[in-house]
Amino acid sequence: MSTIARVETFVVSQKLRHPFHFSQWGFDHRAVCLVRVTADDGRYGWGEGYGPADVVRAGVEFFAPLILGGDGLRTGALWQQMHARGHDFARRGVLLAALSAIDVALWDLKGKILGVPVHMLLGGKRSDAVSVYATGMYFDDEPNLTARLATEAAGYVAQGFHAVKMKVGLGVEADAVNVRAVRAAIGPAVKLMIDSNHAFSLREALDLVRRVEDCAITWFEEPLAPDDYEGYRELRRRSSIPIAAGECEYGVAGFHQLFGAQAVDIAQPDICACGGFTEGQRIAALARAHSVAVTPHCWGTGIGFAAGLHFLSTIDLLPGRLRLPESFLEMDRTENALRDELTQPRYPVIAGRVTVPDAPGLGVEVDLLRLADFSGPAK
Ligand code: CA
């Protein structure tokens, strides 16, 4: 028994030196809600929620009283307790992200109590390192955006990445020009993914597929609105490029709907939003039954990245064979001091791969001085 004594939230934020945008809106700052769950013996675990930071914080404060005094080792029972109370409101959306933040912190704590890494709690890592891809190539006001995107992509390859993901969603003509330029810049051997953040209609998405299908695209991410399951089904049936989605999907019931519609080749749950490790395991099991690949979405601090890293390192690779297919974890490369300065380790990329931590729990240390620096209004 390890009694939960305290649940704290920390909203951290950072003003960006170089604002950027994607197909939907722009960023001039970043803000994340972190959670620390502390047991009565002083041990603690960290989590984070993916979503609007102040709303995540309100959600964590809603759930916190339900787990205080509970046994920190009983992660599944605590999850049920929170979900039962929040079920009317937490089936999807930011309240489930708040529950996820607490769940991730509980798994970190549980690993530390038992002296094992989270990947061991999940069943054990398949190998000591996982492949990662660089997420970048966002839009800005640079007059020659196409050249800037190509240069940025080549830079990731020079840093050792074997796979990169670029944004699309400006419009199919402009997107096709940018994709061709990036493909030319990185050469034929590097994997290239495209992500529209649900910018397109079905016809536009099909148009873009036809314009870039000779560019060896590994997947087309979020081509359509997340709720357009029928559109996804039709697009996937007609697209020569594999279809990926899931960062806007929540819970095993949400993914059940996605898989039931035969909407995706690749599912991208965010452990800090989909329901944490507890629900992530159920989603992975369901994906396996539907022969859908799983590669988590990650877009936060080193805590969320560690969560994705542990999770992906244990996911079954399908189909099974002597030389297994490769699976990639998202590694956001946009300006993010919350990722680069708040936590250790920094996860060096060596030959396109990142080592899975073996320290107890998530294996992440939060720098409390930097935490204080980043708390309060963005600066
Ligand atoms: Ca995305």
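Is Ala 351 buried or exposed? At 52% relative accessibility, Ala 351 counts as exposed, where exposed means over 50% relative accessible area, buried under 20%, and partly exposed in between (1.4 Å probe, protein chains only). The structure is a predicted model, in which local features need pLDDT of at least 70 and side-chain atom pairs count only at pLDDT 80 or more, whereas totals for chains, interfaces and linings use all residues. Residues are numbered from 1 along each chain as its sequence is written, and side-chain values use heavy atoms, with hydrogens and water left out.

View 1. Asn 197 lies in the loop between β6 (191-195) and α7 (202-212) and is buried, with a relative accessible area of 6%.

**View 2. Two cis peptide bonds, at Pro 319 and Pro 345.** Leu 318 and Pro 319 are joined by a cis peptide bond with omega of about -10°. Pro 319 belongs to the loop between α11 and β11 (328-332). The bond from Gln 344 to Pro 345 is likewise cis, and its omega is near 0°. Pro 345 is found in the loop between β12 (343-344) and β13 (353-355).

**View 3. The division of the chain into domain 1 and domain 2.** Domain 1 covers 4-115 and domain 2 covers 120-366; the bounds come from an automatic or database domain assignment. The centres of the two domains, taken over C-alpha atoms, are separated by 22 Å. Their contact (heavy atoms within 4.5 Å) takes 42 residues from domain 1 and 53 residues from domain 2.

**View 4. The largest nonpolar core, of 85 residues.** A nonpolar core is a set of buried Ala, Val, Leu, Ile, Met, Phe, Trp, Tyr and Cys residues joined through side-chain atoms within 4.5 Å. Phe 220 and Phe 277 have the most contacts inside the largest core. Helix α11 (residues 302-314) supplies the largest share of this core, seven residues. Because domain 1 (4-115) and domain 2 (120-366) both give residues to this core, it lies between them. Apart from it lies another core, of 30 residues, including Val 56, Ile 67, Leu 96 and Leu 106.

**View 5. The packing of helix α2 against helix α10.** Helix α2 (residues 75-86) and helix α10 (residues 276-289) pack at an angle of about 95°, and their axes are 9 Å apart. The axes are lines fitted to C-alpha atoms over the stretch in contact, and angles run from 0 to 180 degrees between N-to-C directions. The angle makes α2 roughly perpendicular to α10, a term for angles of 65 to 115 degrees. Thr 75, Gly 76 and Trp 79 in α2 meet Thr 278, Glu 279 and Arg 282 in α10.

View 6. Val 37 is buried, with a relative accessible area of 0%. Leaving aside neighbours within four places in sequence, the residues in contact with Val 37 include Ile 4, Val 7, Tyr 44, Leu 106 and Leu 109.

Conventions:
Helix = DSSP H or I, 4+ residues; strand = E, 2+ residues; numbered from the N terminus. Parallel < 35°, antiparallel > 145°, perpendicular 65-115°, else oblique.
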